[in-house]
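This briefing covers helix packing, strand pairing and the nonpolar core of one model. Please read it alongside the sequence and the 3D view.

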Amino acid sequence: MTGSPHDRFTAGPLDDRDDLPLGTRNEIITGPVSDWATDFSHLEPQWAADCYEIQDDLRQRCPIARTGRFGGGWLPTRYEDVSAIAYDTERFSSRSIIMSNFRPPREIAPIGGSPPISSDPPFHHDARKLLLPAFTKSAVSKQEPTTRAFCHSLIDAFAGRDVVDAAADYAQHIPMRVIADMLGFPQQDGPRFREFVENTLEGVNLPPDERIARMTKLFDYLIEQIHDHLDNPREDLTTFLIDAELYGNKLEPRHVAGAMALLLIAGIDTTWSAIGASLWHLAKTPADTGRLLAEPGLLPTAIEEFLRAYAPVTMARLVRQDMRWQGVDMKADDWILLSFPAANRDPAQFDRADQVVIDREVNRHAAFGLGIHRCLGSHLARMEIRVALEVWLARIPAFSLADPAAVTWSTGQIRGPRALPLRIAQH
Ligand code: HEM
């Protein structure tokens, strides 16, 4: 390597691995599902509209459903199976956590595309440990005043309107701003972040080459940001990752960019979905809104229940080798669609699993995952959701669905409202 720190970051993580073979290519299958037990697809509109009904039915009649789509995969819907898989990193790999027609080559291990979520043990432990200090409860609390001020500014902009889109005009902007600030990215790049999120999480049924081309756009942006940080050093997560060391060496460039990609994507869509789903629930359940207005101290408990009932995140795993597991024959590189939302609605695990009980006392939900990959940003997410709802309820205590039929939900592994028109009366 020559003298300039810029030389370390010359290409995106996918570009600089020309030596690697492309992952398995599969036939792309779209279209209506014939039987959810044998042909499931989380990309179909029926799933987006109501995945709970489908998963509740499967839990009864076929607790580990299968599909031939995406080159083959399995969908467990019982809490105990989801938990067993999440904890079993020996048999189920996190080499890719987005179920698509593209399986990254095994040589991408141990870092994977977006460490630590794409890393298996033992490397996972070290990659995760690096990031922990930035996401402790006290580190995150430093973001609270600016998050609160930002939420107020979003509501200030509603002045004079009686219908607003709580997903597009409110929920989505909050995590974008918070993570842009933490990574030191320009605040006005929000629309680009949205494109990156959609490309990563919703463009999964594209041909692998096109999917890689879209991912390359994200990594080109990240490399641009890294060079900007090298030219204009400042204290933030990007600088931290550029300077961080593992085993006595600076991180590999693809580790730096991959971790930045993870924080950007994991930070935005998830929290946007959780804030949106909570507001959707409150808009159609005035009794719960009234209770939270009367008892603001109940909000943290209610948020845990919203996270349980409307868990936004489903992850994936890849089966490591052919095996018989819980009575089904899994093949190496079959997908597992690891539905934390289905686990959270298993009546064997939760009383009144299909109801939203905002004062539920015991609530060991799996919305933030289970096992070694449990969400690293959970304190940040909880702070953002709490502040977003506190500010909304204080400023807009009366609101309802303007048009229930106009509410739309994202498809794919992150579930949340994408259009949420609400009729509001402001304070
Ligand atoms: C309501 C919001 C959120 C939910 C529901 C959520 C959910 C999850 C889940 C289920 C996992 C486990 C993944 C797996 O098992 O493969 C996870 C991992 C992770 N999340 Fe979150 N997340 C949220 C917000 C955030 C935020 C705001 C950040 C940070 C900016 C973040 C960063 C991460 C990271 C870095 C991991 C990987 C941890 C590891 O592999 O050790 N998440 N998240």
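Helix H15 (residues 299–309) packs against helix H17 (residues 378–395) at an angle of about 115°, and their axes lie 11 Å apart. The model is predicted: local features require pLDDT of at least 70, side-chain atom pairs count only at pLDDT 80 or more, and totals for chains, interfaces and linings use all residues. Residue numbers start from 1 along each chain as its sequence is written.

**Helix packing**

- Axes are lines fitted to C-alpha atoms, for helices over the stretch in contact, and angles run from 0 to 180 degrees between N-to-C directions.
- Helices (H or I, at least four residues) and strands (E, at least two) are DSSP runs, numbered from the N terminus.
- Leu299, Pro300 and Ile303 of H15 meet Arg382, Ile385, Arg386, Leu389 and Glu390 of H17; contact requires C-beta atoms, placed from the backbone, within 7 Å.
- By class, the contact of H15 with H17 comprises five nonpolar, no polar and three charged residues. Here Ala, Val, Leu, Ile, Met, Phe, Trp, Tyr, Cys and Pro count as nonpolar, Asp, Glu, Lys and Arg as charged, and the others, Gly among them, as polar.

**Nonpolar core**

- In the largest nonpolar core, of 110 residues, Met260, Leu264 and Ala388 touch the most other members. Helix H13 (residues 253–284) supplies the largest share of this core, 19 residues.
- Such a core is a set of buried Ala, Val, Leu, Ile, Met, Phe, Trp, Tyr and Cys residues joined through C-beta atoms within 7 Å.
- Beyond its neighbours within four places in sequence, Ala388 is in contact with Cys151, Ala171, Ile174 and Ile275.

- Strand S7 (residues 314–319) has six of its six residues buried, so it is largely enclosed by the rest of the structure. A residue is buried if 20 or more other C-beta atoms lie within 10 Å of its own, exposed if 12 or fewer, and partly exposed in between, with C-beta atoms placed from the backbone.
- Thr314, Ala316 and Leu318 point one way from S7, whereas Met315, Arg317 and Val319 point the other way.
- S7 pairs antiparallel with strand S10 (residues 335–339) over five bridges, and Met315 stands opposite Leu338 in S10. Two strands pair if DSSP finds at least two bridges between them.
- Strand S3 (residues 92–93) also pairs antiparallel with S7, over two bridges; Phe92 has Val319 as its bridge partner.

**Open sheet**

- Three strands form an open antiparallel sheet in the order S4-S14-S11, with S4 (163–165) and S11 (398–401) as the edge strands.
- Three bridges join S4 to S14 (residues 421–425), among them the pair Val164 and Leu422.

Note on methods:
Contact = placed C-beta atoms within 7 Å.
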